[in-house]
Amino acid sequence: MSDAVQPTAAEVRAAAEAVKTALDRHLAAVERRTGDDDPAVYEAFNELAAAAEEYDELLYDRYDEVTPFEIPGGDDELPPYTGPEEPNTLSVVIRRDYAVVEPQRLLAQAQRVEAVEEDGATASEGFDAASGTLHGALGILFGEFEPDEIASRHKEFGLEEGDSTLWVTAGDEPPEPGEWLEAPFEAIDPQSVVCRFDVSAVFDDEADDEDPDDPGPGGKSAAGGPVGADR
């Protein structure tokens with residue numbers, strides 16, 4: 001970092017004082033907490049995390065030094081739930097990744113489906129064969145089978161599971177028909193997420209590095225929501 005943008009010693013000192021203040025506020029909130037999901041504790045925790053991160057950055061920029069702080073969570077964690085207590089609507093957002101590991105098996109499965117459809121088509125209707133390409137085969141299979149069935153039978157289709165995530169969000173009013181179809185994942189409010197369930201090989205790698213006698217956390221969850229499943 002250049003001297004022109006390097007923080008001053010006074011700025012670092014002010015950030016340290018902010019951490020001390022945030023620590024006091026967090027302890028006071030914990031002492032007055034009214035339950036496991038007390039929003040005052042969440043707010044104080046977030047303020048402490050932000051103050052510690054700011055101090056850590058300024059300390060490093062000014063003195064090339066770091067702190068021993070490690071705040072749980074990060075950019076991939078959800079903020080505290082602030083949605084309706086009695087939701088009138090629910091949305092389930094799912095992403096599943098696959099690797100195509102046996103292209104010939106994928107093509108063969110699509111051709112079987114296509115053959116059945118072709119037998120049912122009349123001569124006047126004709127039939128547009130699409131199973132000769134991988135993207136065409138994928139279109140056929142996902143058009144024929146439900147995503148959950150493909151997930152349970154992925155090996156039959158020459159696929160290998162990758163990461164997946166499922167988010168459940170709550171709302172007061174249902175969206176207008178067709179409102180979000182053009183961009184289905186852009187309008188999600190993280191604070192409306194009731195719970196999420198993540199599956200990734202990275203969790204297996206982390207488990208291998210942990211003490212086998214330490215059960216560790218049960219999973220990842222949205223703040224205030226049920227625990228998800230890290231598998």
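## Salt bridges

Seven salt bridges turn up when the whole structure, a predicted model, is searched. Side chains of opposite charge can pair when their charged atoms come close.

## A pair within helix α1

The side chains of Lys-20 and Glu-17 form a salt bridge, with an N to O distance of 3.2 Å. Both residues belong to helix α1, which covers residues 9-31. Because they are three residues apart in that helix, about one helical turn separates Lys-20 from Glu-17.

Lys-20 has a relative accessibility of 43% and counts as partly exposed. Glu-17 is also partly exposed, at 37% relative accessibility.

## Arg-153 and its network

Arg-153 makes a salt bridge with Glu-149, and their closest N and O atoms are 2.6 Å apart. A network of salt bridges links Glu-149 and Arg-153 with Glu-156.

The relative accessibility of Arg-153 is 24%, and this residue counts as partly exposed. Glu-149 is partly exposed as well, at 30%.

Strand β1 comprises residues 89-100 and strand β2 comprises residues 159-171. The two strands pair in the antiparallel sense, over eleven bridges. In this pairing, Ile-94 has Leu-166 of β2 as its bridge partner.

A salt bridge joins the side chains of Arg-95 and Asp-97, at 2.9 Å from N to O. Arg-95 has a relative accessible area of 52%; the cut-off for exposed is over 50%, so Arg-95 counts as exposed. Asp-97, with 28% relative accessibility, is partly exposed.

## Strands β2 and β3

Strand β2 also pairs with strand β3, which spans residues 193-199. This pairing is antiparallel and runs over six bridges. Ser-164 stands opposite Val-199 of β3.

Phe-197 is another residue of strand β3. Its relative accessibility is 31%; buried would require a value under 20%, so Phe-197 counts as partly exposed. Phe-197 and Thr-165 are 32 residues apart in the sequence, while their C-alpha atoms are 5.6 Å apart in space.

Terms used:
Residues numbered from 1 in each chain as written. Predicted model: local features only at pLDDT ≥ 70, side-chain atom pairs only at ≥ 80, totals over all residues. Heavy atoms only, no water. Pairing = 2+ DSSP bridges. Helix = DSSP H or I, 4+ residues; strand = E, 2+ residues; numbered from the N terminus. Buried < 20%, exposed > 50% of the residue type's maximum accessible area, 1.4 Å probe, protein only. Salt bridge = Lys/Arg side-chain N within 4 Å of Asp/Glu carboxyl O.
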